[in-house]
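Subject: Model handover

Hello,

Here is the model we talked about. Please look it over, then read my notes below.

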Amino acid sequence: MNDSEVKLVHIVRHLDWMSAVEIAAVVAGAWLLTLVVRAGLPWVADRLRPSGRMKILPWIPVLRFLILLAAIGAIVPIVIRPTLQNMVVIFGAVGLAVGFAFKDYLSNVIGGVAAIIERAYRPGDWVRIGDAYGEVRSVGLRSLSLVTPDDSVVFIPHARLWDTNVSNANAGKRDLMCVADFFLHPDHDAAAVRQGLADVAVSSPYVNLDRSITIVLADEPWGTHYRVKAYPIDSRYQFEFISDLTVRAKMVFARVAASPVTAPVSGGCQPPPANGSLGTG
Amino acid sequence: MNRPDSRSDTTEAPLWHMVPLADYQRPARPAADAVRSGFFGLFRGERQRTPAGQLVAEEELRQPSVDLLNMLAGWPDWRDPIPALEQTLSDIASSDAGPHRIRTVVGAPYSGTRETVRLWAEQRQWPVVAPPTPERILAQDESWLDAIAGDDGPPLVIAELEHCMLRHPFGLAFLRRLLDRLRASPRPCLIATNSWTWAYLTATMGLGDGMATPVTLQAFDADRLARWFGQLVGCDGPVLFRQANDGAHVLSSASKAGADPADTQRLDKRSSFVARLAGYSRGIAGLAWGIWRQSLEAALGEEVALGQAEDEAAAEQRVIWVRPWSQIHHRALPADADLDALLVLHALLIHGGLAAGALTTVLAALGARAPAVLRSLAAHGIVEEHQGRWQVTPLGYPAAREAIESEGLMVDGL
C-alpha cells in the first residue's frame, strides 16, 4: 500500500452494508421531507386565509435548502472520518471535481441561495424576469417556476439572477399595484372623465379600499393618456380587476362622450400600448 | 302578558340607547370562543362541533311551533328604541343651518335602526323619502332629486340611504348629487344608513364630511340581551329557560316574572349561553334574536302546559330548554364558496339587499355566474329573497361577515 492509499484509508471510513443502509435512510428521509415540504406546505397554504398563504409559501425554498444541508451533514460523517484535515481535503477535492463538471449547475444553486437570502423572489410573488411574467409557484435548487397568466409554466434558472433584472410586483405582500391605461381623443371634459374614472376604481368589487387610488392624465401628441392606479384585494385577481376597470371605464366614456383614440392597423404610426399594464407596487 | 315596559324601569340602564359611532362597544367574545374561532378560523370551510352531554334526552325535545316561539321570543317591537332616538336627535327639527342640520344614524344589519327611524318619522309625521329604483339611479334621474328637494318643511327623512345608491360609477355620481343637494339645502335632514354602506361611502367619498357626528344604537351586552329576551316572553306566569345539557339557567326571567325569591339563589348559576350569543352576534339585536329563537326547544307536553291557563302548580313545569351553545348549528358558507360568492355577499351587504338585476349590474364581472352563486348561497341559508331583494339572512350574517373579512374585503365597523 503506497502513501496516498494509506492517506485515503485514513480519510474514508470502511463502508460496510450498515453504512450503506444509513446513507440510504438519510437520502430517503431527506427525499420524503422534501416531498412533504414541496407538496404539503402549498396544500396547507391554499386552505389558509389569504394573508396566511403569503406567510407560508416563502418558507418552502428555505426549508428545502435546510433539508439538503442537513442530509449532507448527516451523510458526510458516515463516509469520512470527520476531522478538520479530512474535511478540508475531501471538500477541496470534491469541490474541484464538481466545480468543473457541474459549473452551470452550481452557478444556479448559488444563485438560488442568493435569491433566498436577498428575497428576490418567493413563492406567491408576481415577478418579471426577462420576457416572462407570472406568479412564482416554486423555487427549486436549480430553477424557479413561474405560472404565467396564460397558465403556462416557465422554468427559469437561478443563474439569470446574475445578469437579468428581476421585477417583483408584490415582494411578499398580498397585493400589488395595477395600472389601467386609457387613451382618449383630446376633445373631452377632462374633469368629468377623471371623476368618472375615480368612481370606476372605487366601485370595482375587486378594489382594495385601504390602499390609495390615483388617476393620472397627460396630454400626448395622439390624445390624452389616463392611468388608473389602484390595488386589487389580492394579487391573484389583478387581471379580473383590470378587466373590470376597463369595462366600467368604457361606460363612463360613453356617458361623458369621450371617445378612445384608435391606432391605424397599418402604416407607420406606432400604436399605443394595450390597455391594462402592470406596475410595481 | 308579563311584558314589562322598558321605559318604566328606572333602576336598570335602559335597554336601548344611542351613542356616537366612535363609542360603539361590541360585547367581548368569551375567551374560549375567541380561541376556538381563531384556530378554526385559520382554515376555510365548515367544521364539525362535538356534541356535549345531554340532561334532557334528545328525543324528548321538539322544535317549538311558530305560535309557541312567538310566545317565548316574540317579534321585536322596533318602537322600543324610539325614546333613545328622540333623546339624541330631539333638536333636529330646530337645527339651524350648519353641520348639525344633517344627522346620520348608522345601524348594523338587523339592528332595527332602519325600522326605528321610519317609525319615529311616521310618529312625527315627517316625510320619509321613498328610494329610487335602480333604473332611475343609473339614469341619474333628476326628477327624483327635484321631487325630494325643497328648502322648507319638516325634516326630510331618508330611512334607507343604502337603497339610494349603487356601487357603480353612475350610482356614485347619483349619490353625490343627492348629497350635494342635501348639503346645499337649509332643510334639516335625517339619514339612516346601513353600517356597510356607511363604511363604504366614508372610505370612497367622505360621506361624513359636513355632517354631524353619526350615532348608532349601542350594542347589546349579555346582561341587556338577557333582559331583552325576558321582555319578549309573551305568556302569563314564569317561564324558565334552562340549558338542555346541564340544566343551568340561561335567563333570570323567572325572577322578573315574580317567581319565588328562593329561586333567585338557584338562578345565580347562569349558563354562559347569552354571553356567547352576545359575542357571536356582535351585540346586534336582530341577529341575537334570530339565533335565540333557533336555540329554543320544548319538551314533550310543554307546549300544552304553556298554552294552558294560569295554573300556579304548573309553573314549575314551565321550562323551555335551550340548546347548548356548542350544539347550535351555525350556518356556514358552502365549502366551495369562492371569491364570486364573497363578492355577491359583499355587494348585498353594502346595498342592504339587491334585486337580481341590480346585482348583475353592480357585479358585471360575474356576468351570468351571479344567479348560480345566489342559488348556492340560498341553499345554505346564507341569503334569501325578500320582497324582490336578495339579502343576507340574519343567521347567515356572522359567517358571511367572517368570510368577507378573511378575504381582505372592506367590512363595516360595527
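Three residues of helix H4 of chain A are buried: A:Ile60, A:Pro61 and A:Arg64. They sit on the same side of H4(A), because they cover an arc of only 95 degrees around its axis. Helix H2 (17-47), helix H6 (103-118) and S2 of chain A are among the elements that cover them. The face turned away from that buried side carries A:Leu69, A:Gly73 and A:Pro77, which are exposed. Bear in mind that this is a predicted model.

The length of H4(A) checks out. The helix has 21 residues (59-79), so at 1.5 Å a residue it should span 30 Å. Its end C-alpha atoms are 30 Å apart, which agrees.

Next, the sheet in chain A. Five strands make an open, antiparallel sheet, in the order S4-S3-S2-S1-S5. Strand S4 (153-157) and strand S5 (166-168) are the edges, each pairing on one side only. On average, neighbouring strands are turned by 40 degrees against each other, direction ignored. Within the sheet, four bridges join S1 (residues 126-129) to S2 (residues 132-139). One bridge partner in S2(A) is A:Ala132, which pairs with A:Ile129.

Last, the contact between the chains. Here 23 residues of chain B touch 26 residues of chain A. On the chain B side, helices H7 (169-184), H8 (195-205), H15 (339-350) and H18 (397-407) each supply at least two residues. That side of chain B divides into 15 nonpolar, five polar and three charged residues.

Best wishes

Technical notes. Residues are numbered from 1 along each chain as its sequence is written. Chains are lettered from A and ligands numbered from 1 in the order in which they are written. This is a predicted model: local features need pLDDT of at least 70, side-chain atom pairs count only at pLDDT 80 or more; totals for chains, interfaces and linings use all residues. Two residues are in contact if their C-beta atoms, placed from the backbone, lie within 7 Å. Ala, Val, Leu, Ile, Met, Phe, Trp, Tyr, Cys and Pro count as nonpolar, Asp, Glu, Lys and Arg as charged, and the others, Gly among them, as polar. Two strands pair if DSSP finds at least two bridges between them. Axes are lines fitted to C-alpha atoms, for helices over the stretch in contact, and angles run from 0 to 180 degrees between N-to-C directions. The expected span of a helix is 1.5 Å times one less than its number of residues. A residue is buried if 20 or more other C-beta atoms lie within 10 Å of its own, exposed if 12 or fewer, and partly exposed in between; C-beta atoms are placed from the backbone. The arc is that of the directions from the helix axis to the C-beta atoms.
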